[in-house]
Every structure is written in C-alpha cells, then in structure tokens.
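Dear colleague,

I am passing on a structure that you have not worked with before, and I would be glad if you looked it over with the notes below beside you. The notes begin with the surface and then turn to the charged pairs.

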Amino acid sequence: MDILSMMRTFGALGIVLAMLAGALWVVRRYDIKLPGRVSGSARKRVELVERLAVDAKRSIALIRRDGCEHLILIGPEGHVTLETGITAPEPVVAPAPAQPEPVADFRGDLAAFTSNFGKLVDLSRAKIAAVRGANDDERVDDEDEAAPNDVVELSPSAPRKRTRRPRDTKRWNRAAVREALNA
C-alpha cells in the first residue's frame with residue numbers, strides 16, 4: 001500500500017467518525033426520539049433495580065413495577081419468578097444542608113477584605129523591588145542597603161539605569177527547584 005492510498009483510507013475513516021460524532025451530538029442536543037428509546041421525561045413504571053450474576057449463564061434480577069418489586073431468575077432455559085409482591089423500601093431522604101448564617105455586617109467584611117488585599121499588594125511590591133535590586137549591577141551604599149525583610153519603595157518618577165548581565169540560568173534553576181522543594 002502506498003502512502004497516498006493509506007492517507008485516503010485514514011481520511012475516509014476520520015470523516016466517518018466525525019459524522020457519527022456529529023449525529024450523536026445532534027441526538028443529545030435536540031433530544032431526538034430514536035426507535036426503541038423510552039422517553040425519560042415521564043414517570044417510569046418499570047425499572048431494573050439490581051442485577052446479580054449467579055454464574056456464567058444465570059443471573060437474578062430485581063425489577064420494580066408500580067412500587068412493588070419482583071425477584072426473577074434468568075437463564076438460558078428461560079426465566080423463573082422466585083418471589084413477587086415485595087414491598088419496595090422507602091427511599092432515604094438526605095437531611096437538608098444547614099443554611100449559612102446571614103451576613104450581618106457587609107461593610108465590616110468589605111473593610112477587612114480591602115485592608116488584607118492592600119497588605120498583599122504591598123508584600124508583592126516589596127518582593128518585586130527585591131528582585132529588581134538583585135538584578136542590578138550597581139551595589140547600594142552600606143547606609144542605604146536594606147535588610148531582606150524590609151520593604152523597598154520604588155520611585156516611579158526616578159529613571160533607573162538598567163544594565164543587564166548574563167544570568168547563570170543553570171544555577172538559578174537549581175536554586176529555584178531547591179526552594180520549591182523545601183517550601
């Protein structure tokens with residue numbers, strides 16, 4: 001088989017699979033009634049509650065009809081009704097979830113949110129400033145040097161001299177991996 005005929009075969013297979021997927025999507029999207037399909041909107045009178053395989057050829061089925069259950073043995077020689085008229089157990093009702101308490105003080109919560117958000121922004125600005133300072137070639141004088149945990153303020157109007165040095169990415173990546181694993 002040459003390449004062209006193999007590509008034609010796979011293309012035809014892809015088109016057929018795409019058409020099948022499209023047809024399935026249309027059936028599900030527009031809820032088209034297919035032959036043999038029972039409508040799911042109406043209340044079901046008959047349903048299979050449970051089925052248990054006894055051996056390779058036989059199984060037991062529990063069928064509910066109008067609130068009454070029937071136990072049937074199904075095998076290759078036919079079916080046998082083992083028990084009929086079993087009353088269905090009452091469905092267990094899950095307890096209602098607890099209602100959350102109403103928010104009493106919306107303004108207090110909003111004030112706490114804004115102050116915490118402000119602290120988060122200040123912390124991120126300090127980390128950005130520390131990273132920018134670490135990338136510069138120029139060293140800060142001893143009296144101007146800040147401790148690692150101090151907040152470094154950046155003046156937006158002051159122009160900065162940006163000099164780039166080549167980074168040792170191998171060492172930086174190892175340090176980042178070590179830091180991430182230890183955190």
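Please keep in mind while reading that this is a predicted model. On its surface there is a nonpolar patch of about 820 Å², to which Ile3, Met6, Met7, Phe10, Leu13, Val16, Leu17 and Leu20 contribute. Of these residues, Leu20 lies in helix H1, which covers residues 3–30, and Leu20 counts as exposed because its relative accessibility is 56%.

Turning to the charged side chains, the structure contains six salt bridges. One of them joins Arg64 to Glu47, with 3.2 Å between the closest N and O atoms. This pair links distant parts of the chain, since Arg64 belongs to strand E2 (residues 59–65) and Glu47 to strand E1 (residues 46–53), the two being 17 residues apart. Arg64 counts as partly exposed because its relative accessibility is 23%, and Glu47, at 36%, likewise counts as partly exposed.

Arg64 also meets the side chain of Glu69 in a salt bridge, at 2.9 Å from N to O. Glu69 has a relative accessibility of 5% and therefore counts as buried, the cut-off for that word being under 20%.

A further salt bridge is formed by Arg65 and Asp66, whose closest N and O atoms are 3.6 Å apart. Arg65 is partly exposed at 38% relative accessible area, and Asp66 is partly exposed at 35% relative accessibility. Through salt bridges that share partners, Arg45, Arg65 and Asp66 are joined into one network.

Key
Residues are numbered from 1 along each chain as its sequence is written. This is a predicted model: local features need pLDDT of at least 70, side-chain atom pairs count only at pLDDT 80 or more; totals for chains, interfaces and linings use all residues. Side-chain values use heavy atoms; hydrogens and water are left out. Patches are made of residues with over 30% relative accessible area and no salt bridge: like charges are joined within 9 Å, nonpolar side chains (Val, Leu, Ile, Met, Phe, Trp, Tyr) within 5 Å. Accessible areas come from the Shrake-Rupley method with a 1.4 Å probe; for residues, only the protein chains shown count as cover. A salt bridge is a side-chain nitrogen of Lys or Arg within 4 Å of a carboxyl oxygen of Asp or Glu. Helices (H or I, at least four residues) and strands (E, at least two) are DSSP runs, numbered from the N terminus. Buried means under 20% relative accessible area, exposed over 50%, partly exposed in between (1.4 Å probe, protein chains only).
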